[in-house]
Amino acid sequence: MSTWDRLLAWEERHRLVVDCAAALALIVVVVPMTTLVGSTTAVLFGAWGDDSQRTGALLSIFLIAPLALRRVRPTTSVVLVYTVALLQMVAVTPVSLPADLAVLVSLYSVTVHGPRWAHRVAMAGAIVGSLLLTALLARHDVDLPTAAAFGTFAFVLCLAAWAFGLVRRSRRETIEALVDRAERLETERDQQARLATAAERARIAREMHDIVAHSLTVMIAQADGGRYAAAADPPAATRALGTIAETGRAALTDMRRLLGVLRDEPRSAGAPPVGATTPQPAADDLDTLVEQVRASGVRVSMVRMGTARTLPPGVGLTVYRIAQEALTNVLKHAGPDPTVTVMVQWRPESITVEVTDDGRGAAAGSDGLGQGLRGMAERATMFGGSVVAGPRPGGGFRVRAVVPTTGEPVLSSPVPTPPTPLRNEQENA
């Protein structure tokens, strides 16, 4: 910001002080000039009275002093200046004095800073004043052409001041509109950035929850089984340890991929992009997920209905994560030796995934956090789908998700509360 810009900004913030100083300086310069003109006018018209210098000084002060309000109170300023100028023309002398330039300044100021009706009325008053000047000059024995020339000249000056004021007003309004638009765009940009950040945080939180919760649940289940089988069936304990290691390595790979895309680190030439070494899981990976859960000792079966097809980006990951979270809940809350069925139904415009078990159902314990089912609902709602979860009438628990396979993600829509009670009592962290 240059020195001139800082000076203009300071002047804009201190309008009243600057205008008062300018009006005072103008009075100091104009009053002596007006007293000289007053002596000449007294000789020509005999209209000043005995004390012409004092009268000229008072008129100058009363005409210029209201200019101190020309920007903070433009309408009040122009009314005061016009009133003094009219009294001068009618009661003292119709001859224009140096201080009468305040009429032009006040007309310009009200045009730039005042309301629209005010500068229009002020211009109409200037036209009336020009006609009155012509009539008063003719009354003081000035020939009509000369009087008309004086009135026309006064009108042209007022018209020029008004035109300059309109141009300045238009430029000021344009600048203010541009500044307001820039501020609104900046605000909208910040809001979009905050929304995008919140959406990304929610996405990362869902991914982290699904990866960590599922992997740790499988590892805990395998560790418990291996501990009990270590004495009676050492090969089973060895298989459990192998499953734990495999699950841990898979979870570590997923975590590295997820966290890798968040970093912006330089890579050597020819190195693969961070976080892009393996694709995200999709609906085709449900068989692998079921096998992983089956390896932990749970009796789980997979049922497919309809013709499988390629899903839009994100839909396959959503289906996989919902099934993963539902199976994780089974491992944590369904109790010992549950029977689980994973059903995937392909429809023309949607895909349905349903995970049911015959475990404890509503009698299961709770950790009170409720993040998993909420994450499932958020994932489904992002693509216009829905999740229904709750205990089954005959015992056990069911999670049913319907996700449309057409259309774009609805990132800005709020996530509604699922229509039926979720497993709030059985939710994992």
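## Cysteines

How many disulfides does the count come to? It comes to 0, taking a disulfide as a pair of cysteine sulfur atoms within 2.5 Å. As for the cysteines themselves, Cys20 is partly exposed at 35% relative accessible area, while Cys158 is buried at 7%. Here buried means under 20% relative accessible area, exposed over 50%, and partly exposed in between, with a 1.4 Å probe and protein chains only.

## Ground rules

Keep in mind that this is a predicted model, where local features need pLDDT of at least 70, side-chain atom pairs count only at pLDDT 80 or more, and totals for chains, interfaces and linings use all residues. Numbering starts from 1 along each chain as its sequence is written, and side-chain values use heavy atoms, with hydrogens and water left out.

## The main core

The largest nonpolar core holds 37 residues, and Leu327 and Ile351 have the most contacts inside it. (A nonpolar core is a set of buried Ala, Val, Leu, Ile, Met, Phe, Trp, Tyr and Cys residues joined through side-chain atoms within 4.5 Å.) Elements giving two or more residues to this core include α9 (286-295), α10 (315-333), β2 (339-346) and β3 (350-357). The top contributor is α10, with 9 residues. Helices (H or I, at least four residues) and strands (E, at least two) are DSSP runs, numbered from the N terminus.

Skip the neighbours within four places in sequence, and Ile351 still touches a list of residues including Leu311, Val315, Val319, Val344, Trp346 and Val403; contact means heavy atoms within 4.5 Å. There is also a second, separate core of 29 residues, with Leu67, Val92, Ala102 and Ala126 among them.

## Two helix pairs

Start with α9 and α10: their axes come within 10 Å and cross at roughly 10°. Axes are lines fitted to C-alpha atoms, for helices over the stretch in contact, and angles run from 0 to 180 degrees between N-to-C directions. Leu286, Leu289 and Val293 of α9 meet residues of α10 including Val319, Ala323 and Leu327.

The other pair is α4 (residues 74-92) and α6 (residues 116-139), packed at about 10° with axes 11 Å apart, so α4 and α6 are roughly parallel to each other too. On the α4 side, Tyr82, Leu86 and Met89 are among the residues in contact, and on the α6 side Trp117, Gly125 and Leu132 are among them.

Definitions and conventions
Parallel < 35°, antiparallel > 145°, perpendicular 65-115°, else oblique.
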